[in-house]
Amino acid sequence: STLALEQSNPNTIQHTRSMDTPHTQMWLCLLLFLLSLVSATSGSIYIVRQLRLLQGICRLTVIRKRYPDITNVVVYISLFCFVTVCLQTALIAYKQQLILATTSLYTALRIVCSSLNLVCFQCLLYLQVLRFWLMYFDVRYTISSLEREWTVYLDLSQTQKNWFFSNIETYGSIRWLLPRLAGVCFASTTVCVATNTLITLALLPTYADVLILVLNLAPVLVHYRIHAQTPTFYDHYYMRDEMRSITHLFLVYLVLEMARVVTKSKASATISMDMDVVHSLLLCVELFTIGALCFMCTAWVVHTISAEYGS
């Protein structure tokens, strides 16, 4: 009987199915938004608790050499990044209603949420560049100081030519590095936000997102370079393990961003619920990636140091 009905009136059946599928996918987007909201809330509570534990042992040398003040800023920016991701999933869940109400409002909200997310991510990238470099410089300076104890008796000029000794007040100082790195971060963030805005307003083609990916990839390559140059034989503070894990998480995030750019370009022009579901799913995975980044900076450090040096 169903086959006869489809043969007699196929247009009606096709219309019914086309109405049911977007309705189901809209509920999937809403479910993913609720999942991201619950995950962000519970994750924030756990991360803040671990951050307090980290602050309680920040006087230890093994923690001070990790620059916990920078870690605090990284965690709080990550928590705000949770908010921007949740807002983006909410926009996708209510995309149809917003577009039907007013397209300009939906476009403006997209620009604001995506721009805030870009600002947060750029700050995270360059703060980790600053932190990794200071950790690396501190390790190399310590090794040079240990070597100086016996090389001074052989050749005093060798210690005077040491790059880490002569640049301790510049490249080894957070006060000297911070304003210079902040300038680079500001320039990169400005280009990313401007490019994203022009793409959203259809003033640039969607493949211009490649510029944003390149600007995000550049500091990640610096992370990898610093990790590769950090000595292995003097890593009893497990700094290389933390650097490696955080660098890998940033690479995973960039891969997710590449996939999201593809889905965003296909779903931005029209109400394409298939791509919206994929877009929401990728945002949820990005949320967990940011949470893993906070975990590595706080809980992993606390647990590792407690296991190695005692609670």
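Guide: A helix here is a DSSP run of H or I with at least four residues, a strand is a run of E with at least two, and both are numbered from the N terminus. By that rule the chain has 13 helices and zero strands, and its pattern along the sequence reads α-α-α-α-α-α-α-α-α-α-α-α-α. The model is a predicted one, in which local features need pLDDT of at least 70 and side-chain atom pairs count only at pLDDT 80 or more, while totals for chains, interfaces and linings use all residues. Residues are numbered from 1 along each chain as its sequence is written, and side-chain values use heavy atoms, with hydrogens and water left out.

Visitor: What makes a residue of this chain count as buried, and what percentage of the residues are buried?
Guide: Buried means under 20% relative accessible area, exposed means over 50%, and partly exposed is in between, with a 1.4 Å probe and protein chains only. Of the 311 residues in the chain, 47% are buried. The accessible surface of the chain, found by the Shrake-Rupley method with a 1.4 Å probe, comes to about 16400 Å², and 67% of that surface belongs to carbon and sulfur atoms.

Visitor: Why is Val83 called partly exposed?
Guide: Val83, which lies in helix H4, has a relative accessibility of 42%, and therefore it counts as partly exposed.

Visitor: What makes Val83 part of a nonpolar surface patch, and which residues make that patch?
Guide: Patches are made of residues with over 30% relative accessible area and no salt bridge, and nonpolar side chains (Val, Leu, Ile, Met, Phe, Trp, Tyr) are joined within 5 Å, while like charges are joined within 9 Å. Here Phe80, Val83, Leu87, Val112 and Leu116 make a nonpolar patch of about 390 Å². Helix H4 (68-93) and helix H6 (103-151) are the elements that give two or more residues to this patch, and the largest share, three residues, comes from H4.

Visitor: How do you know that Asp138 and Lys65 form a salt bridge?
Guide: A salt bridge is a side-chain nitrogen of Lys or Arg within 4 Å of a carboxyl oxygen of Asp or Glu. For the side chains of Asp138 and Lys65 the N to O distance is 2.8 Å, and the pair meets in a salt bridge. Asp138 lies in helix H6 and Lys65 in the loop between helix H3 (61-64) and H4, so the pair ties together parts that are 73 residues apart in sequence.

Visitor: Why are Asp241 and Arg244 separated by about one helical turn?
Guide: They are three residues apart in helix H11 (residues 239-267), which means a separation of about one helical turn.

Visitor: How many salt bridges does the structure hold?
Guide: The structure holds six salt bridges.

Visitor: Which residues is Ser144 in contact with, leaving aside its neighbours within four places in sequence?
Guide: Contact means heavy atoms within 4.5 Å, and beyond those neighbours Ser144 is in contact with Asn162, Phe164 and Phe165. Ser144 is found in helix H6, and its relative accessible area of 7% is the reason why it is called buried. Among contacts in the chain between residues at least 6 apart in sequence, 80% join residues at least 24 apart.

Visitor: What makes a space in this structure a cavity, and how many are found?
Guide: On a 1 Å grid over the protein atoms alone, a cavity is a set of points where a 1.4 Å probe fits but cannot get out, and lining residues have an atom within 4 Å of a point. A search of the whole structure finds four cavities of 30 Å³ or more, where a volume is the space filled by probe spheres set on the points, which are joined across faces, edges and corners. The second largest cavity holds about 50 Å³ of space, and its lining is made up of Phe121, Leu124, Leu249, Phe250, Tyr253, Thr289, Ile290 and Leu293. H6, H11 and H12 each supply at least two residues of that lining.

Terms used: On a 1 Å grid over the protein atoms alone, a cavity is a set of points where a 1.4 Å probe fits but cannot get out, and a pocket is an open set with protein on both sides within 12 Å along at least five of seven lines; lining residues have an atom within 4 Å of a point.
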